[in-house]
Amino acid sequence: MTHPIVEADNQYVLQTYARPDFVFERGEGCYLYDTTGQRYLDCVAGIAVNALGYGDPDVTAAIAQHAGGLLHLSNLYHNTSAANLAKQLVDSCCVIDRVFFSNSGTEAMEGALKFARRYARDCHGEGKTTIIAFDGSFHGRTMGAVAITAREKYRAPFAPVMPDVRFGEYNNIDELESLITSDVCAVVIEPIQGEGGLRVAETAYLQKIRALCDQHDALLIYDEIQSGIGRTGKMWAHPCDAKPDIITIAKPLGGGLPIGAILMRQKVADTIHAGDHGSTFAGGPFITAVAQVVFSKINTPEFLHHVQEVSDYLDESLQDLMSRHPEIIELRGKGLMRGIRMSIPVATVREVAHDHHLLVATAGDDVIRLVPPLVMQRHHVDEFIVKFDATLADVKSK
Ligand SMILES: *Cc1c(COP(=O)(O)O)cnc(C)c1O
């Protein structure tokens, strides 16, 4: 029998997502529980959002503590927790001097694009407007963000999108000289591609992009919305020797509540003035108070060491899994942002995994994506392997 909530969803909610037929009602740590009491191991984490898992006591306490305080002020007035969170973010990254808050990832991307255009116009006049993005990119769903998202499916139905975008081939170092020229105002790249299939940008490639951006005074923008804030066992996924001018962040920052941010160097900030950009809701006192707690918990040597350790264990376990399953073509990603490229349809794998009470995501047509809570332990990795093994056996016997 179909659950009444599934029926209501089918009838009243715009059907932009294909959802499975169970309904979750609570979560704890790395597990979600459905209305029949079934427990699922969650390797999706609300798409890399629930870094601290479900029901983190410090996040719950912060929400309770601030629930009776100022929820919203608007950006017309000073706000203690936003200023403190901005300082924390600036202190965590040596090249960053300023922060502009947003409500989501795509909104952070829109701001970054606007700041890049503004910077180029201020410093170089008209005509330096080209944005470089790459195949396999995903930067969000608003008009500017879809314009720099490679997949036709996300872009074509809504054309015309923002003009002056050129796409390069991810990790193709040889084409960079002809791609990044004097008309370029910004290069936007994910250090690890999320939606696009978990490819990791090579350090030499990012260094070359950095050098060309310096040569042409183009801004290097890292989209770390999915890869940033501890996911790889480091605060940032980009290498220290290819530094950005702007970083966009969002997903894990609010512990499940919506917040994003644009982090930038002073030279970018110098070209943005009062009234140039804004947001009614962004960086409100409540959300920034909660985000301070989330960020403080992740930004410690102990926490990051844990992520590295469990990532190493996951890595070994995935290698072992691959040796048993020839339909696994390639392992991708880094830290707790991993891709399993497969020769069998990954949408089927994801669905069959539900029968084994395992939640995994996909990325593109041929990659299973794992972005579990960062608090995942070794025994969760073991449980994942057992369930994924069983899932693949099932898919193959069908
Ligand atoms: C999720 C994501 C976005 C968009 O973020 P939203 O909060 O969904 O708008 C942009 N870039 C990357 C790399 C993402 O993973």
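Q: A polar contact is a pair of N or O atoms within 3.5 Å; within protein, one must be able to donate a hydrogen and the other to accept it, and residues adjacent in sequence count only if both atoms are side-chain atoms. With which side chain does the side chain of Asp217 make a polar contact?
A: With the side chain of His124, at 2.7 Å. Two notes on the source. This is a predicted model: local features need pLDDT of at least 70, side-chain atom pairs count only at pLDDT 80 or more, and totals for chains, interfaces and linings use all residues. Residues are numbered from 1 along each chain as its sequence is written, and side-chain values use heavy atoms, with hydrogens and water left out.

Q: Where does Asp217 lie?
A: Start with the elements. Helices (H or I, at least four residues) and strands (E, at least two) are DSSP runs, numbered from the N terminus. Asp217 sits in the loop between helix 9 (203-216) and strand 8 (219-223). Its phi is positive, about 45°, although Asp217 is not a glycine.

Q: Which residues is Asp217 in contact with, leaving aside its neighbours within four places in sequence?
A: Contact means heavy atoms within 4.5 Å. On that basis Asp217 is in contact with Tyr119, Cys123, His124, Lys128 and Lys267.

Q: Which other residue has a positive phi although it is not a glycine?
A: Asp164, with a phi of about 70°. Asp164 belongs to the loop between helix 7 and strand 6. Its relative accessible area is 40%, so Asp164 is partly exposed.

Q: What kind of peptide bond joins Ala159 and Pro160?
A: Read omega. Here omega is about 0°, and the bond between Ala159 and Pro160 is cis. Pro160 is in the loop between helix 7 (152-155) and strand 6 (165-168).

Q: How do I read two packed helices?
A: They are described by the angle between their axes and the distance between the axes. Axes are lines fitted to C-alpha atoms, for helices over the stretch in contact, and angles run from 0 to 180 degrees between N-to-C directions. Take helix 3 (residues 57-67) and helix 11 (residues 285-298): the angle is about 155°, with the axes 9 Å apart.

Q: Are helix 3 and helix 11 roughly parallel or antiparallel?
A: Apply the cut-offs. Under 35 degrees is roughly parallel, over 145 roughly antiparallel, 65 to 115 roughly perpendicular and the rest oblique. Helix 3 and helix 11 are therefore roughly antiparallel. For handedness, a crossing is left-handed if the near helix is turned anticlockwise from the far one by less than a right angle, and right-handed if clockwise. Helix 3 passes helix 11 in a right-handed crossing.

Q: Which residues make this contact?
A: From helix 3: Asp58, Val59, Ala62, Ile63, His66 and Ala67. From helix 11: Phe286, Ala289, Val290, Val293, Val294 and Lys297. They divide into 9 nonpolar, 1 polar and 2 charged. (Ala, Val, Leu, Ile, Met, Phe, Trp, Tyr, Cys and Pro count as nonpolar, Asp, Glu, Lys and Arg as charged, and the others, Gly among them, as polar.)

Q: At what angle do the axes of helix 12 and helix 14 cross?
A: At roughly 20°; the axes of helix 12 (residues 301-324) and helix 14 (residues 378-397) come within 10 Å. The two are therefore roughly parallel. The crossing of helix 12 past helix 14 is right-handed. Residues making the contact include Tyr313 and Leu314 of helix 12, and Phe384 and Phe388 of helix 14. The contact divides into 9 nonpolar, 1 polar and 4 charged residues.

Q: Which residues does Gln377 touch, not counting those up to four places away in sequence?
A: His306 and Val310. Gln377 is in the loop between strand 15 (367-370) and helix 14. At 37% relative accessibility, Gln377 counts as partly exposed.

Q: What backbone oxygen does the side chain of Asn79 reach?
A: That of Gly283, at 2.8 Å. Asn79 is in the loop between helix 3 and helix 4 (80-91). Asn79 counts as buried, at 12% relative accessibility.

Q: Is Gly194 buried or exposed?
A: Buried, at 0% relative accessibility. Gly194 is in the loop between strand 7 (184-189) and helix 9. Beyond residues up to four places away in sequence, Gly194 touches Gln226, Met337, Ala363 and Arg369.

Definitions and conventions. Buried means under 20% relative accessible area, exposed over 50%, partly exposed in between (1.4 Å probe, protein chains only).
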